[in-house]
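The sequence and the model come first.

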Amino acid sequence: MALDPAGQVNFCETLQMLDGFGRIFQTKWTNLYSYINNFTKCCKNSGVLMVVKCRKENSALKECLTAYYNDPAFYEECKMEYLKEREEFRKTGIPTKKRLQKLPTSM
């Protein structure tokens, strides 16, 4: 099985790429966090009735996420981040999570 070209991703990789977009949100798109915080607060305060009471917050959050998923610039940024991680994995064989873990200070 041959490896795909360096700049291309297949469908399964596209899903992985968009699933791991949290790091990009943390650095650039901070306005999403206000929607998440509003929805979280509403859910905590509403308890079991959150399905009914938090419709407005849920709709606002869905609308914001949909706008990001449909944004071509956001897609390209996620793609470049994913390709960089994939290339590093292919070089080292170490997944990103393990590479980013800190080593213990005392051995």
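C64 has a relative accessible area of 10% and is therefore buried; buried means under 20% relative accessible area, exposed over 50% and partly exposed in between, with a 1.4 Å probe and protein chains only. The model is predicted, so local features need pLDDT of at least 70 and side-chain atom pairs count only at pLDDT 80 or more, while totals for chains, interfaces and linings use all residues. Residues are numbered from 1 along each chain as its sequence is written, and side-chain values use heavy atoms, with hydrogens and water left out.

C64 lies in α5, where L61 and Y68 are buried as well. Helices are DSSP runs of H or I with at least four residues, numbered from the N terminus. Helix α5 runs over residues 55-69, and its 15 residues should span 21 Å at 1.5 Å a residue, which agrees with end C-alpha atoms 21 Å apart. The expected span is 1.5 Å times one less than the number of residues.

A disulfide is a pair of cysteine sulfur atoms within 2.5 Å, and the count by this rule is one. The bond joins C42 and C54, with sulfur atoms 2.0 Å apart. It links distant parts of the chain, twelve residues apart: C42 is in helix α3, and C54 is in the loop between α4 (50-53) and α5. The torsion about the S-S bond of C42 and C54 is about -100 degrees, so the disulfide is left-handed. Both C42 and C54 are buried. For C43, the closest cysteine sulfur is that of C54, at 4.3 Å, which is too far for a bond.

S46 belongs to helix α3, residues 31-46. A polar atom of the S46 side chain lies 2.7 Å from the backbone oxygen of C42. Beyond its neighbours within four places in sequence, S46 is in contact (heavy atoms within 4.5 Å) with K53 and C54.

| Residue | Relative accessibility | Class |
|---|---|---|
| C64 | 10% | buried |
| S46 | 14% | buried |
| C43 | 16% | buried |

Note on methods. Helices (H or I, at least four residues) and strands (E, at least two) are DSSP runs, numbered from the N terminus. A polar contact is a pair of N or O atoms within 3.5 Å; within protein, one must be able to donate a hydrogen and the other to accept it, and residues adjacent in sequence count only if both atoms are side-chain atoms.
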